[in-house]
Every structure is written in C-alpha cells, then in structure tokens.
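Hi everyone, thanks for coming.

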Amino acid sequence: MSILEINHIEKSFGQAHILRDISFEMEQGQTVAIIGSSGSGKTTLLRCINFLETPDSGTIRVNGDVILDAAVDKNLTDKEKRDRRLHFGMVFQSFNLFPQYTALENVTLARKLMAREREDYKANKKAINQEIDAIGEELLRQIGLYERKDYYPHQLSGGQQQRVAIARALALEPDILCFDEPTSALDPELTGEVLKVIRSLADKNMTMIIVTHEMAFARDVADKVIFMDEGVIVEMGDSNEVINNPKQERTKQFLSRYTNEGM
C-alpha cells in the first residue's frame, strides 16, 4: 500500500490556474524529488499537501486513509488542519526559527505545546518535558549540533539554522518529511552540510518529498523525480532515467541548462 496518494489536485488563485490535475503516489521509505522552473507550482503543491493551502479539488490519502477530500473539506477548522498536518513535517526555504528561543527550544516547542493536551500533563509536567527535551537533544546530536543546543538562531550559520529546522520537523515524528528548496537561502559553501543531513535521512529510509533545484542531488538521492511545468506533471519516473534520459522535450529543455553547467 502507498503511504501517500495524491489524486487529481487542482488549485487556482483568482484567474491563475496553479495546479492542474496533479496525481502521484509514493511508498514508505521512498524519496521523491520535485523539480521545475520557478512558478511551475512545486511550492503550491507542497503547501496543499501540508494543509497550508486548500486545494480546489482532489483527494489526499495517507496510509490508505483519506485525510483530505476537497469536495467535502471546504471549511476545516484550524485544529482539523493541524491534526491532519501532523502526518507531514515541513522544512521551509527560510528556516522560520523563532529568534527568541534556543536551538533546543525551537526543536521541542511544538511537541511541548501538544503535550499540554494530554490528560496526565498537569500531574507529570516535569517528566513529560524532560522526555521531550531528551528527544530534542538526540535529534540535535544526530545532525551534529548538540554542542549548540543553547545557541539562539542569530548565533548560528544559515546551514546550522536549516539543520535545526530539520530537527524540529523530525521531532513530531511525521509520516512524511517535506522540504521546500531547503538550500535556496544558503551560500554555496553551506549547502553541502544540509544536503548531507537529508542524504543521511534517505539512507535511513525516511519518507521524503524534496522540492529542489539541486539536480545532481535529486538524481543521486531520490528514488523518483517529478518534473513540473505550468502546473502539470510533465514527466515522472526513476530519478536516473528522468535526469539522465528525459523523454519529454520540455524536460530536456529544462535540464539542458544544468547539463551545460556540468551537472
């Protein structure tokens, strides 16, 4: 059974038709890279999957369960969106860390807020928060930032901030981890450290969707590549096949710039 099924997603903003009949599936442990020019609909698709936007039509299934039917779920409450969003972890382009919190506090904040809804929270507040801190510390250790757990975002490099954002997304134990161009806001010398963390997650069979302009990374790390253009999926398939031997002329045109740059 597929872990994620996207079926016939459509999305418009006013007269602009951004997503047109988007459908694809992915398996547990699979990494899917979404590539395409700016404005092709990649980020909007990711935001629809994460309930940051509401599709006009279509369905989303996770582990076989319908978590969104756009024909029915027109007016979801904030809580309903949040609950369904928990299937996904989101890592944004611009980190979106809270400047007033340390690295560890950024990683554990959402989980601690959710813990307050537990029936046993008042009686076990200290133990629960200590457990969450331990989880956060282990995640920071895994991404090589344990020694900087008490640093504030302004004391960290861009690459370090993005790694903290990855740990924050992982802290909620999502079914699927989503990245929206995770290296686009980084200087070239910092890109490698973030890609290394994502590669390590792929090696651990973390299920991931990665919107990226890093073609070599998409080819080498992703199991499947989706090429989007003008709101449609133009080509989809094995990462090596799509990147090295694209079938569609539009895909060939898009990838030619990267080939010319020595991908």
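Let's start at Arg163, which sits in helix H5, residues 158–171. Helices here are DSSP runs of H or I with at least four residues, strands are runs of E with at least two, and both are numbered from the N terminus. Before going on, please keep in mind that this is a predicted model, where local features need pLDDT of at least 70, side-chain atom pairs count only at pLDDT 80 or more, and totals for chains, interfaces and linings use all residues. Residues are numbered from 1 along each chain as its sequence is written, and side-chain values use heavy atoms, with hydrogens and water left out.

Is Arg163 buried or exposed? Arg163 is buried, at a relative accessible area of 12%. Buried means under 20% relative accessible area, exposed means over 50%, and partly exposed is in between, using a 1.4 Å probe and protein chains only. And what does Arg163 touch? Setting aside neighbours within four places in sequence, Arg163 has contacts with Ile143, Gly144, Leu145, Glu193, Val194 and Val197; a contact means heavy atoms within 4.5 Å.

Helix H5 also brings us to the core. The largest nonpolar core holds 33 residues, and Ile166, Leu177, Phe179 and Met208 have the most contacts inside it. Such a core is a set of buried Ala, Val, Leu, Ile, Met, Phe, Trp, Tyr and Cys residues joined through side-chain atoms within 4.5 Å. Among the elements that each give at least two residues to this core are H5, helix H4 (121–142) and strand S7 (176–180). There is also a second, separate core of 28 residues, including Ile3, Ile9, Val62 and Val211.

Take Met208 for a moment: beyond residues up to four places away in sequence, its partners include Met26, Val32, Leu177 and Phe179.

Now over to Leu45, in helix H1, residues 42–49. Leu45 is buried too, with a relative accessible area of 1%. Not counting residues up to four places away, Leu45 touches Leu19, Ile22, Phe24, Ile34 and Met228.

Finally, let's zoom out. The protein chain has 9 helices and 10 strands. Its radius of gyration is 19 Å, close to the 18 Å from the globule rule for 263 residues, so the chain is as compact as a globular protein of that length. That radius is taken over C-alpha atoms, and the rule is 2.2 Å times the number of residues to the power 0.38. Buried residues account for 48% of the 263 residues.
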